[in-house]
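Reader: I would like to learn how to read the features of a model such as this one. Could we go through them together, one at a time?

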Amino acid sequence: MEEKVGFEPTEHSHVRRFSRPLQSTALALLQGVPLDCFSILHKTFSVVKPFFSLYNFFGVRKNMFDYVKGLLTDKRKTSKGAFITIEAVGVGYLLEVTEQDFVSYNPSEETTQKFYTSLLHREDAMNLYGFSNKETRDIFQILLSVSGVGAKMAIALLNEFDACDLISFVIDGNFKELTRAKGVGPKLAQKIILELKDKLMKTELPKSSGTLPQNQAIADAQSIMLSLGYDNKEIEEALAKVISTVEDTSNPEEILRKALTCLSM
């Protein structure tokens with residue numbers, strides 16, 4: 001006996017080739033029923049979500065949008081956070097941002113802005129987070145990999161500290177500083193330090209080109225930048241530009257800060 005799927009056979013019966021969550025969406029579109037973009041994306045994502053879990057298991061990033069570039073047309077604060085709207089090719093993208101970015105950028109009809117993004121999907125919502133630089137976006141995504149840290153907690157940490165300061169605390173094991181962030185207690189702060197240090201400092205370095213001086217501080221800075229998603233060539237180029245300006249080449253925090261500033265230009 002043929003299993004029913006929620007509608008009788010029609011001239012659109014070929015939609016049965018789709019999985020159940022997509023059948024109602026496909027039929028509605030064929031019959032001219034208006035559906036908002038969120039409904040379509042939500043139903044579609046419910047089908048492919050298990051595959052993203054597999055990607056995540058193997059360490060592949062699941063970011064759908066790398067960045068959005070366009071005009072900042074609106075910004076507002078609510079009880080849920082700070083938000084801006086970036087209009088690109090006629091579409092307005094609502095991004096939740098850090099306090100620093102919210103204060104630093106204002107609506108303009110002339111200046112194009114670029115925000116690196118991270119798309120998070122829950123059962124009841126799809127939220128897009130935006131960051132004015134790549135390293136902050138990447139630290140946000142690494143923070144989300146720590147058990148007990150969600151998007152709100154990650155944003156709270158980035159509201160309190162910039163990416164370089166946060167990395168410095170991790171390198172130094174300074175969990176007490178992390179407790180300054182809203183909602184972060186001593187136990188969670190220690191957990192963040194432990195897990196992030198493991199993720200940031202244990203990336204295996206590729207063979208050096210021999211153009212840079214070699215010491216542990218430079219190796220640590222390279223490892224962290226590789227963890228943030230930069231490739232070895234651009235890391236070595238950035239380090240070559242800034243190493244002569246570093247006062248203490250045994251200080252990985254100073255090396256990292258200057259290299260990240262160079263990479264963000």
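Reader: Is Cys 262 buried or exposed?

Author: Buried means under 20% relative accessible area, exposed means over 50%, and partly exposed lies in between, with a 1.4 Å probe and protein chains only. Cys 262 is buried because its relative accessible area is 18%, and Cys 164 also counts as buried, at 10% relative accessibility. Please keep in mind that this is a predicted model, in which local features need pLDDT of at least 70 and side-chain atom pairs count only at pLDDT 80 or more, while totals for chains, interfaces and linings use all residues. Residues are numbered from 1 along each chain as its sequence is written, and side-chain values use heavy atoms, with hydrogens and water left out.

Reader: How many disulfides does a search of the whole structure find?

Author: A disulfide is a pair of cysteine sulfur atoms within 2.5 Å, and the search finds 0 of them in the whole structure.

Reader: Which residues have the most contacts inside the largest nonpolar core?

Author: A nonpolar core is a set of buried Ala, Val, Leu, Ile, Met, Phe, Trp, Tyr and Cys residues joined through side-chain atoms within 4.5 Å. Here the largest one has 52 residues, and Leu 143, Leu 178, Ile 192 and Met 225 have the most contacts inside it. Among the elements that give two or more residues to this core are β5, α4 and α8, where helices (H or I, at least four residues) and strands (E, at least two) are DSSP runs numbered from the N terminus. Helix α6 gives the most, with 7 residues, and a second, separate core of 13 residues includes Ala 82, Ile 86, Leu 95 and Phe 115.

Reader: In what order do the strands of the closed barrel run?

Author: Strands of a sheet pair through backbone hydrogen bonds, either parallel or antiparallel. Two strands count as paired if DSSP finds at least two bridges between them. In this model a closed barrel of 5 strands runs β1-β2-β3-β5-β4, with mixed pairing. Strands β1 and β4 run antiparallel and are joined by 5 bridges, and Tyr 67 has Tyr 116 in β4 as its bridge partner.

Reader: With which side chain does Asp 165 make a polar contact?

Author: A polar contact is a pair of N or O atoms within 3.5 Å; within protein, one must be able to donate a hydrogen and the other to accept it, and residues adjacent in sequence count only if both atoms are side-chain atoms. The side chain of Asp 165, a residue found in helix α6, makes such a contact with the side chain of Arg 257, at 2.6 Å. Asp 165 counts as partly exposed because its relative accessibility is 29%.
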